[in-house]
Amino acid sequence: GLTVSAWVDWALYTDSPLRAFENELGVQAPVGFWDPLGFTKGDDAASFRRRRYVELKHGRVAMFACLGYIVPEYYRWPGDLSPSLGLKFSDVPTGFAAFSKVPLSGWAQMVAFAGTVELFQYVDDPKRPPGDFENAGFLGIPNGFVKINDPEVKQKKLAAELANGRLAMMAIIGMFFQNGLTGEAWGDWSLYTDSPLRAFEGELGVQAPVGFWDPLGLSADGDVDTFKRRRAAELKHGRICMLACIGYIVPEYFRWPGYLSPEKGIKFADMPHGIAAISKVPLEGWVQIVLFLGHYEGYFWRQDPKRAPGDYEGYGFLGAGKNFIFNFHPIEFKDPEVRKTKLAAEIANGRLAMVALMAMLFQNGTVGTTGPAMWLPAA
């Protein structure tokens, strides 16, 4: 959508407004210039500068915040944080729990310090690059005496700061989620025996590298029925998306011969695929599709509460079973390990297909094509 095509050489887009910023600091491998939402599409240098300034500030704050999560686990200042309240540094926990321990006077000092530094020490100068303050040196030390004069070294250090800041922004969000969901900043997951999340950490679909991943805490209430409903929905969406991905690829290489609708003179070869097909399928075709799917879902693939989500009686490998289309006994895996491996693979492939299909729909909608150029590299 941003480059006006799906799979073409970026060097050919000489008129793209994105090229105004593709040589800016922060354009790094492996993604290069990455602006999927098109914020820089208007070629507005002032807006780009403001966003870069904000990115640097957030990255710097996030790097400090990550250190603030890690260092207190290994070192605390000795003595009192608040002698009048009898509060020692060692009494203050790490992470969210610290909010309730720091006294109001402590918060006032932090706000006053940060405000003083930002208003008087780190003052943005429009004549200087974003985040480059006259009174700060290496590592942002106020009135820093360490200056980097070599342009190549300075460029490398600034690029590293941006990359590390981006990583820190992702990392601190992960720390927040972990802290909020488990109640500890750096605890051993195996120690959270009372956490409702443990009710599902042994379920199918808990796979490497992320393990049990529920950043929004949807399963935090430990409700088994709700979990099964969501798992059934995940399986159904994954299966549909796997078929849909195949439906995007196969018609580029094979079409059924003959007519889709003899009455209307529509051949299978005349049908585009992807989003464009929606306007070409006649009403009778949609009625047939809806009836076919409704018949399957309402009669054949009915969920039995006694069976695992997505496991339908009479159906086996690849969802094949005895019905009005097929009349053979389905393939079933008796070996528990093989069966578990196959079911885990289905969930993983379904998740991948859901992401892949969204990308195909975006590519299709913005570029208007689903041709081989979408799948094959340029010759």
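Is Ser82 buried or exposed? Select Ser82 to start: its relative accessibility is 6%, so Ser82 counts as buried (buried means under 20% relative accessible area, exposed over 50%, partly exposed in between, with a 1.4 Å probe and protein chains only). Ser82 sits in strand 1, residues 80–82. Helices (H or I, at least four residues) and strands (E, at least two) are DSSP runs, numbered from the N terminus. Leaving aside neighbours within four places in sequence, Ser82 is in contact with Leu87 and Pro103, where contact means heavy atoms within 4.5 Å.

This is a predicted model, in which local features need pLDDT of at least 70, side-chain atom pairs count only at pLDDT 80 or more, and totals for chains, interfaces and linings use all residues. Residues are numbered from 1 along each chain as its sequence is written, and side-chain values use heavy atoms, with hydrogens and water left out.

**Whole chain**

Show the protein as a cartoon. There are 6 helices and 4 strands, and along the sequence they follow the pattern α-β-β-α-α-α-β-β-α-α. Colour by relative accessibility next: of the 379 residues, 23% are buried. The protein exposes about 26200 Å², with carbon and sulfur atoms supplying 64% of that area; accessible areas come from the Shrake-Rupley method with a 1.4 Å probe, and for residues only the protein chains shown count as cover. Among contacts between residues at least 6 apart in sequence, 49% join residues at least 24 apart.

Side chains of opposite charge can pair when their charged atoms come close. With a salt bridge taken as a side-chain nitrogen of Lys or Arg within 4 Å of a carboxyl oxygen of Asp or Glu, the count is 10.

Select Arg52 and Glu55. Their closest N and O atoms are 3.0 Å apart, which makes the pair a salt bridge. Both residues lie in helix 1 (residues 45–70), 3 residues apart, about one turn of the helix. Arg52 counts as buried because its relative accessibility is 10%.

Move on to Arg60 and Glu161. Their side chains meet in a salt bridge, 2.6 Å from N to O. This pair links distant parts of the chain, Glu161 being in helix 3 (residues 151–182) and Arg60 in helix 1, 101 residues apart. Arg60 has 23% relative accessibility and therefore counts as partly exposed.

Select Ala62, Cys66, Tyr69, Ala168, Ile172, Met175 and Ala185. These 7 residues make up the largest nonpolar core, a core being a set of buried Ala, Val, Leu, Ile, Met, Phe, Trp, Tyr and Cys residues joined through side-chain atoms within 4.5 Å. Helix 1 and helix 3 are the elements that give two or more residues to this core. A second, separate core has 6 residues, among them Tyr248, Ala353, Leu357 and Met360.

**Helix 4 and helix 6**

Which residue forms a salt bridge with Arg239? The partner is Glu346, with the closest N and O atoms 2.6 Å apart. Here too the pair links distant parts of the chain: Arg239 is in helix 4 (residues 224–249) and Glu346 in helix 6 (residues 336–367), 107 residues apart. Arg239 counts as partly exposed, at 25% relative accessibility.

A disulfide is a covalent bond between the sulfur atoms of two cysteines; the cut-off here is a pair of cysteine sulfur atoms within 2.5 Å. The structure holds 0 disulfides.

**Helix 5: a surface patch**

Helix 5 (283–300) and helix 6 each supply at least two residues, and helix 5 gives the most, with 7. Leu291 is one of the residues in helix 5; at 58% relative accessibility, Leu291 counts as exposed.
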